[in-house]
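Reader: I am new to this structure. Could you show me how to read its features, one at a time?

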Amino acid sequence: MDKALWYLLTATRGGENRARLIRELSERPRNANQLADALDVRYKTVRHHLDMLEDHGVVEPGDNEYGKLYFLTDQFEQHREAFEEIMEHIE
Amino acid sequence: MSTIQLASGIAVVNILLLGLLTTVWVRNYRKFRTSLLLGLVAFGSVMLAENVVAIYFFFSMKMLYSGDPTVQQAVLVLRGLQLVAIAFLTWVTMK
């Protein structure tokens with residue numbers, strides 16, 4: 001997962017926002033609306049990033065349907081070190 | 001349209017896609033100073049140069065290419081395959 005995470009977060013067009021989104025979720029689970037506010041990007045953009053991160057097994061939604069909260073997966077937590085390294089490289 | 005004109009047309013599309021990719025990687029390098037991005041920028045630049053050189057050859061060595069339709073087709077297939085490869089990379093990078 002490390003290499004995929006590196007490409008997904010640093011080499012793609014939306015990579016920076018995806019990295020910031022993970023940082024937000026590291027503090028506490030949030031829903032798409034709260035993430036859009038915190039990152040100051042459109043709701044649709046956040047939805048797109050959440051779907052991408054869910055496809056890659058980085059985030060998972062909680063159980064309740066309305067205002068669905070997103071959590072970081074255990075799989076991601078195993079690669080937390082790689083993520084922290086990526087964040088250290090942000091200028 | 002001749003085979004070589006088609007091949008140079010594909011090289012132009014390759015250049016546009018590579019320009020897009022390299023722009024994303026350079027922009028991201030300003031944010032994330034990682035060797036992964038330096039490598040990608042180098043990769044994109046060399047591929048850009050390769051396509052510019054290809055176009056130069058299509059026009060400057062027309063005589064050489066025009067002598068043999070098989071060579072022309074081979075050139076077209078190679079350009080086409082490279083377009084497919086770059087298109088996939090562009091797709092995953094822009095998503």
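Author: Start with contacts. Contact means heavy atoms within 4.5 Å. Setting aside residues up to four places away in sequence, A:Ser26 touches A:Leu72 and A:Arg80. The model is predicted: local features need pLDDT of at least 70, side-chain atom pairs count only at pLDDT 80 or more, totals for chains, interfaces and linings use all residues, and side-chain values use heavy atoms, with hydrogens and water left out. Residues are numbered from 1 along each chain as its sequence is written, while chains are lettered from A and ligands numbered from 1 in the order in which they are written.

Reader: In which helix is A:Ser26 found?

Author: Helices (H or I, at least four residues) and strands (E, at least two) are DSSP runs, numbered from the N terminus. A:Ser26 is found in helix α2 of chain A. A:Leu53 is 27 residues from A:Ser26 in sequence, and their C-alpha atoms are 14 Å apart in space.

Reader: Does A:Ser26 count as buried, partly exposed or exposed, and what is its relative accessibility?

Author: Buried means under 20% relative accessible area, exposed over 50%, and partly exposed in between (1.4 Å probe, protein chains only). A:Ser26 has 33% relative accessibility, so it counts as partly exposed.

Reader: Which residues does B:Leu20 touch, not counting residues up to four places away in sequence?

Author: B:Leu20 touches B:Thr90 and B:Met94 on that count. Its place is in helix α1 of chain B. B:Leu20 and B:Thr90 lie 70 residues apart along the chain, yet 8.0 Å separates their C-alpha atoms. B:Leu20 is partly exposed, with a relative accessible area of 39%.

Reader: Is B:Arg79 buried or exposed?

Author: Buried. The relative accessible area of B:Arg79 is 9%. This residue is found in helix α4 (residues 69–94) of chain B. Leave aside its neighbours within four places in sequence, and B:Arg79 is in contact with B:Ala7, B:Ile10, B:Ala11, B:Asn14, B:Glu50, B:Asn51, B:Ala54 and B:Phe58.

Reader: How many residues of helix α1 (residues 2–11) of chain A are buried?

Author: Count residue by residue. In this helix, 7 of the 10 residues are buried, so it is largely enclosed by the rest of the structure. The buried ones are A:Leu5, A:Trp6, A:Tyr7, A:Leu8, A:Leu9, A:Thr10 and A:Ala11.

Reader: And loops? Where is the place of A:Asp40?

Author: A:Asp40 is in the loop between α3 (32–39) and α4 of chain A. Look at its backbone angle. Phi is near 55° at A:Asp40, a positive value in a residue other than glycine. A:Asp40 is exposed, with a relative accessible area of 71%.

Reader: Now the whole chains. What pattern does chain A follow along the sequence?

Author: Read along the sequence, the pattern is α-α-β-α-α-β-β-α-α. The radius of gyration of chain A, taken over C-alpha atoms, is 12 Å, close to the 12 Å that the globule rule (2.2 Å times the number of residues to the power 0.38) gives for 91 residues, so chain A is as compact as a globular protein of that length. Along the principal axes, its C-alpha atoms fill a box of roughly 35 × 25 × 20 Å. Of its 91 residues, 46% count as buried.

Reader: How many helices and strands has chain B?

Author: Chain B has 4 helices and 0 strands. Its C-alpha atoms fill a box of roughly 50 × 25 × 15 Å, taken along the principal axes. Buried residues make up 34% of its 95 residues. Among contacts in chain B between residues at least 6 apart in sequence, 76% join residues at least 24 apart.

Reader: How do I read empty space? What volume lies in the largest pocket?

Author: Rolling a probe the size of a water molecule over the atoms shows where empty space is left. On a 1 Å grid over the protein atoms alone, a pocket is an open set of points where a 1.4 Å probe fits, with protein on both sides within 12 Å along at least five of seven lines. Grid points are joined across faces, edges and corners, and a volume is the space filled by probe spheres set on the points. Here, about 300 Å³ of space lies in the largest pocket. Lining residues have an atom within 4 Å of a point. There are 15 of them, and the closest to the pocket's centre are A:Arg13, A:Gly14, A:Glu16, A:Asn17 and B:Asn28.
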